[in-house]
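Subject: Model handover

Hi,

Here is the structure I promised to pass on. Could you load it up and keep it open while you read the rest?

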Amino acid sequence: MRVAVAQYAIGEPADFAAFATRVAEHVDVAARAGAQCVVLPEYLALEAAAAQAGEVRADFVRSLDALQGVRADYEALARELARRHSIYLVAGTFLVARGDGRYRNRAWLATPEGTLAFQDKLTLTGFERASGVIEPGDALKVFETAFGRVAIDVCYDIEFPLYARAQAEAGATLILVPSCTDTEAGANRVRIGCQARALENQVFVACAVTAGIADWSPALDRNTGSAAIYTPVDHGFPPDGIAAAAPEGSEWSLADVDLGALAEARREGQVANAADWPAQERPALARARVERA
């Protein structure tokens, strides 16, 4: 399966139609390159807030409220692009209103048939907590696809090993990570998290990022990181565990991932990280013993 992860430069579209055109043009590039699974970044929907009045888009909370007016159009766009190109599309994330002044950071997965599934972000960053209006999700999911089971971990969630572990134990062999970071440290934390989860679980991890500068937005003002696709580190895979990484200025990173090769690596690899996970759960090791050196 060919996977494409976006390194999406945030723009300033004048209205939702212009936003939809930008997204459609980006996805078209990946589809024409043969991608069967396409991942767009976290907070993608906030680019559509550029069309709001200046005083609204400059206020994160007011902007989220105003953004709900295009939610149906956003979902329809995701469905249409997935159907048009016969792809699985992680359509970035949309801050979905819960009806009580609270929002969830929701990643949409559109299928080639035009159906929608979602994974909410489970652990909030400091920025999200400080907003006072975003709440974490309450369900961890794995999705059945024509290529096997896949999972989504939204940005910060990939830095926590038990989410990905549970997804891998439920059969996920590909973890899709829409992300948005505003510092090099943040980008590196996500990158390290992606590589650690790929190593621990012997799975593929594909990370999309936002890019560029958007001073008009309080959430998307600075964007860092590199779109990349990570692998186990063993026989048959790149020795650095990186199948592909987008250079600066590039819009996409693409790689062919052989989900069947994971089973062989787990059986015959130099190490058995996934199978050996329970070794660290032995009762005698549940607490570290303190000794005088």
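First, the ground rules. This is a predicted model, so local features need pLDDT of at least 70 and side-chain atom pairs count only at pLDDT 80 or more, while totals for chains, interfaces and linings use all residues. Residues are numbered from 1 along each chain as its sequence is written, and side-chain values use heavy atoms, with hydrogens and water left out.

**Whole chain**

The protein chain has nine helices and 13 strands (DSSP runs numbered from the N terminus: H or I of at least four residues for helices, E of at least two for strands). Its radius of gyration is 19 Å, close to the 19 Å that the globule rule gives for 293 residues, so the chain is as compact as a globular protein of that length. That radius is taken over C-alpha atoms, and the rule is 2.2 Å times the number of residues to the power 0.38. Along the principal axes, the C-alpha trace spans about 60 × 50 × 35 Å.

Buried residues account for 51% of the 293; here buried means under 20% relative accessible area, exposed over 50%, and partly exposed in between, with a 1.4 Å probe and protein chains only. If you take contacts (heavy atoms within 4.5 Å) between residues at least 6 apart in sequence, 67% of them join residues at least 24 apart.

**Two helix pairs**

Start with α1 (residues 16-32) and α4 (residues 71-85): their axes come within 11 Å and cross at roughly 25 degrees. That makes α1 roughly parallel to α4. Axes are lines fitted to C-alpha atoms, for helices over the stretch in contact, and angles run from 0 to 180 degrees between N-to-C directions. Under 35 degrees counts as roughly parallel, over 145 as roughly antiparallel, 65 to 115 as roughly perpendicular, and the rest as oblique.

On the α1 side, F16, F19, A20, V23, A24, V27, D28 and A31 meet D73, Y74, L77, L81, R84 and H85 of α4. By class, the residues of this contact are ten nonpolar, one polar and three charged (nonpolar is Ala, Val, Leu, Ile, Met, Phe, Trp, Tyr, Cys and Pro; charged is Asp, Glu, Lys and Arg; the others, Gly among them, are polar).

The other pair is α6 (residues 161-169) with α7, whose axes come within 10 Å and cross at roughly 40 degrees. These two are therefore oblique to each other. P161, A164, R165 and A168 in α6 meet R197, E200 and N201 in α7. That contact has three nonpolar, one polar and three charged residues.

**Single residues**

L199 sits in α7, which covers residues 184-201. L199 is partly exposed, at 38% relative accessible area. Setting aside neighbours within four places in sequence, L199 is in contact with V233 and N273. Its C-alpha atom is 38 Å from that of E12, 187 residues away along the chain.

Y43 is not a glycine, yet has a positive phi of about 65 degrees. Y43 lies in the loop between β2 (37-39) and α2 (54-57) and is buried, with a relative accessible area of 5%. S86, also a residue other than glycine, has a positive phi near 55 degrees, and belongs to the loop between α4 and β3 (88-97).

Cheers
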